[in-house]
Amino acid sequence: MTDWQALIKRVKNKEATPEEQALFEEKRAEYQAFQDYLLEDEWERIVEKPAMDLSEASFQKMKRATNRRIVIKILLVLLCLVGILGIGNYIGKKVMDRFYYNPTVTSLESDLSDLAIYDLLYTELTRPEIEWNYSQTTPLSGGNYQIQNYYQKKYALDQTPSLQVTYQIKKGKVTYPNNYENPLLDVEHYPMFLYSDRQENAQMIETTKVTTLNKVKQLPKSGSVFGFFTFKEALTTQEMLEFFGKFGGVNIRGLSVENQTLEDSQTNGDLHGLGMDLMHGISAQHGNKALIEMNKEYPELFPFAYLYSRPGFTAETYEQHYLSLLRYLIDHQELLAYLPDASVTMDELKQVLAYVETNGVKINGVYFSGSVDDFLYYAQKEDVLVMDVFEASLYRQGE
């Protein structure tokens, strides 16, 4: 009788003789055929037999429970995916908010953002007839922001509403809405004949002066005007104060500051008319501790930012304010890229600063409002080259 256990061991250890190996293969084939038969027979009986001896009600109950578990698992998977996507989107937007420029940032404890302060000062320098009122920034997430700036004409006899400029900063770039129009561009008047050959334009200058005087003389004495004077020669700030005395009934709305010589303008082209207005943004200044702190680094930048009282304005006040105005805008030049319709470049600002540091702050034109009599009195002074009137009223402002 064959010892199958010993034979199998010898086969595994490869010690079986050829006869023993043949016997093992023959026997394994027999068992394989027998096993295949049993499996086939058992499978047929399994198929023919009901899965379980359950009632129809129990089967349906089990089916519903199984379906419920499947649905719950699917919902859990979907909720996890939505949660992962939501968290990823939220984190992504927060990362972009930190990565791209944020116009709501304030470097000091101030109600005004750094960009709003920059816009206030840039408007003072470049738009002599516009008063900056306030700015509103709405975060849109993902490094996107909507900005609404509000301005007012300094002298609006018709009491027009605030001028509004709306734009967006998307991922660090200024973008404009469809059909964008900047209302500030329609309110621009600059002193005439500042950088022109006055001998060549002598007849035009005289005609303009006479025409303007005749028009103003036709207004009633109770009327008021808003316009500017251009001086024959730029005045120092002290000479400007002496020209107006204590200003009387005249309100100085802005000063046009000489920023290059005639020879420079003929070589390099005219620079934009730049100036200053110490009263600009006055409502945002008084008692503002953040702006008071900024005055330590930039003296007289915000002349009305004080807590109690301050000395009166002198020629030095005007000069220091203008220098601080230019230096602040240059020192924070990265903010210029986020202003809409910035017409004056950083290179021009640097050129202007270099000029006034060398030649001093000199006034070549004055924006003002006052009565008809005041206008005629100052317009006919020897220092005045030419004048222009932007708006006029039959009654004095405020009456």
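User: What makes up the lining of the largest cavity, by class?

Analyst: In this predicted model, the lining of the largest cavity has seven nonpolar, two polar and three charged residues. Tyr122, Val165 and Leu184 are among the lining residues, and Tyr, Val and Leu count as nonpolar. Asp119 and Arg127 also line the cavity, and Asp and Arg count as charged, while Thr123 and Asn182 are part of the lining too.

User: Which helix gives the most to that lining, and how much space lies in the largest cavity?

Analyst: Helix H4, which covers residues 114-126, gives the most, with three residues, and about 80 Å³ of space lies in the largest cavity. The structure holds three cavities of 30 Å³ or more.

User: Why is Lys154 called buried?

Analyst: Buried means under 20% relative accessible area, and Lys154 has 11% relative accessibility, so Lys154 counts as buried. Lys154 is found in the loop between strand S2 (144-153) and strand S3 (163-170). Leaving aside residues up to four places away in sequence, Lys154 touches Pro128, Glu129, Ile130, Glu131, Arg253, Asp277 and His280, and the side chain of Lys154 reaches the backbone oxygen of Arg253 at 2.8 Å.

User: Why does Glu391 count as buried?

Analyst: The relative accessibility of Glu391 is 18%, and the cut-off for buried is under 20%, so Glu391 counts as buried. Glu391 lies in strand S9, residues 384-393.

User: What makes the pair of Glu391 and Lys153 side chains a polar contact?

Analyst: A polar contact needs a pair of N or O atoms within 3.5 Å, and the side chain of Glu391 makes such a contact with the side chain of Lys153 at 3.0 Å.

Conventions:
Residues are numbered from 1 along each chain as its sequence is written. This is a predicted model: local features need pLDDT of at least 70, side-chain atom pairs count only at pLDDT 80 or more; totals for chains, interfaces and linings use all residues. Side-chain values use heavy atoms; hydrogens and water are left out. Helices (H or I, at least four residues) and strands (E, at least two) are DSSP runs, numbered from the N terminus. Buried means under 20% relative accessible area, exposed over 50%, partly exposed in between (1.4 Å probe, protein chains only). A polar contact is a pair of N or O atoms within 3.5 Å; within protein, one must be able to donate a hydrogen and the other to accept it, and residues adjacent in sequence count only if both atoms are side-chain atoms. Contact means heavy atoms within 4.5 Å. On a 1 Å grid over the protein atoms alone, a cavity is a set of points where a 1.4 Å probe fits but cannot get out, and a pocket is an open set with protein on both sides within 12 Å along at least five of seven lines; lining residues have an atom within 4 Å of a point. Grid points are joined across faces, edges and corners, and a volume is the space filled by probe spheres set on the points.
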